[in-house]
Amino acid sequence: MRILVQEVLEASVTIEEEKVASIGHGFLLFVGFTEGDDKKVAERMAEKAVKLRIFPDQNGKTNLSLKDVNGEVLSVSQFTLYANCSEGNRPSFVNAMRPDEARELFTYFNEYLKTLIPNLQTGVFQADMKVSLVNDGPFTIWLDSQEVLK
């Protein structure tokens, strides 16, 4: 499982000119799954993202978590996080989880995430989404379950 975490001042998802989700200050999470990912991995990755201490404290040090700043979350499915560009110039997505399985796991991930951070919005799985954001910092973190859950 991979999550690209972006600290944002605001973020939103629009589908066919209709805004379907929006948040203020918090995290925009781009979430992708690969074969072998399961509910336990989804739970541990959700916990890791929520506990990241990347918000500045009163001294400007990155010591505060999402909960500490009452932050919001926008979670967006993103199978392209598993793009393989090692051969040629056209990415391969064979490492991305099949859509039916990924949809189920993405739904579970968000249900679990909502127990940790109640102010959660989501994109729409497999929709042609337009994602807008105002990145804060910018501050972007890459979480890969193969690295962070050893």
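This is a predicted model: local features need pLDDT of at least 70, side-chain atom pairs count only at pLDDT 80 or more; totals for chains, interfaces and linings use all residues.

Trainee: Let us begin with accessibility. Is E16 buried or exposed?

Mentor: E16 counts as exposed because its relative accessibility is 76%. Residues are numbered from 1 along each chain as its sequence is written, and side-chain values use heavy atoms, with hydrogens and water left out.

Trainee: What is the phi of E16?

Mentor: Most residues other than glycine have a negative phi, and most peptide bonds are trans. E16, although not a glycine, has a positive phi of about 50°. E16 belongs to the loop between strand 1 and strand 2, where helices (H or I, at least four residues) and strands (E, at least two) are DSSP runs numbered from the N terminus. The two strands form a hairpin with two residues between them. N70, another residue that is not a glycine, has a positive phi of about 55° and lies in the loop between strand 5 and strand 6. N70 is exposed because its relative accessibility is 69%.

Trainee: Which peptide bond is cis?

Mentor: The bond from G137 to P138 is cis, its omega being near -10°. P138 is part of strand 8.

Trainee: Which strands are joined to strand 1 by bridges?

Mentor: The general rule is that two strands pair if DSSP finds at least two bridges between them. Strand 1 runs antiparallel to strand 8 (residues 130-144), with 11 bridges; to strand 3 (residues 26-32), with seven; and to strand 2 (residues 18-23), with five. Of the 14 residues of strand 1 (residues 2-15), 11 are buried, so the strand is largely enclosed by the rest of the structure.

Trainee: How many salt bridges are there?

Mentor: Side chains of opposite charge can pair when their charged atoms come close. A salt bridge here is a side-chain nitrogen of Lys or Arg within 4 Å of a carboxyl oxygen of Asp or Glu, and the count comes to three. In one of them, R2 pairs with D144, the closest N and O atoms being 2.8 Å apart. That pair links distant parts of the chain, since R2 is in strand 1 and D144 in strand 8, 142 residues apart. D144 counts as buried because its relative accessibility is 7%. Another joins R98 and E101 at 2.4 Å, N to O; R98 is exposed at 53% relative accessible area, whereas E101 is partly exposed at 31%. D128 and K130 also form a salt bridge, with closest N and O atoms 3.2 Å apart.

Trainee: What volume has the largest pocket?

Mentor: On a 1 Å grid over the protein atoms alone, a cavity is a set of points where a 1.4 Å probe fits but cannot get out, whereas a pocket is an open set with protein on both sides within 12 Å along at least five of seven lines; lining residues have an atom within 4 Å of a point. Grid points are joined across faces, edges and corners, and a volume is the space filled by probe spheres set on the points. The largest pocket has a volume of about 330 Å³. Among its 19 lining residues, S77, Q78, F79, F125 and Q126 are the closest to the centre. Strand 3 gives the largest share of the lining, three residues.

Methods
Buried means under 20% relative accessible area, exposed over 50%, partly exposed in between (1.4 Å probe, protein chains only).
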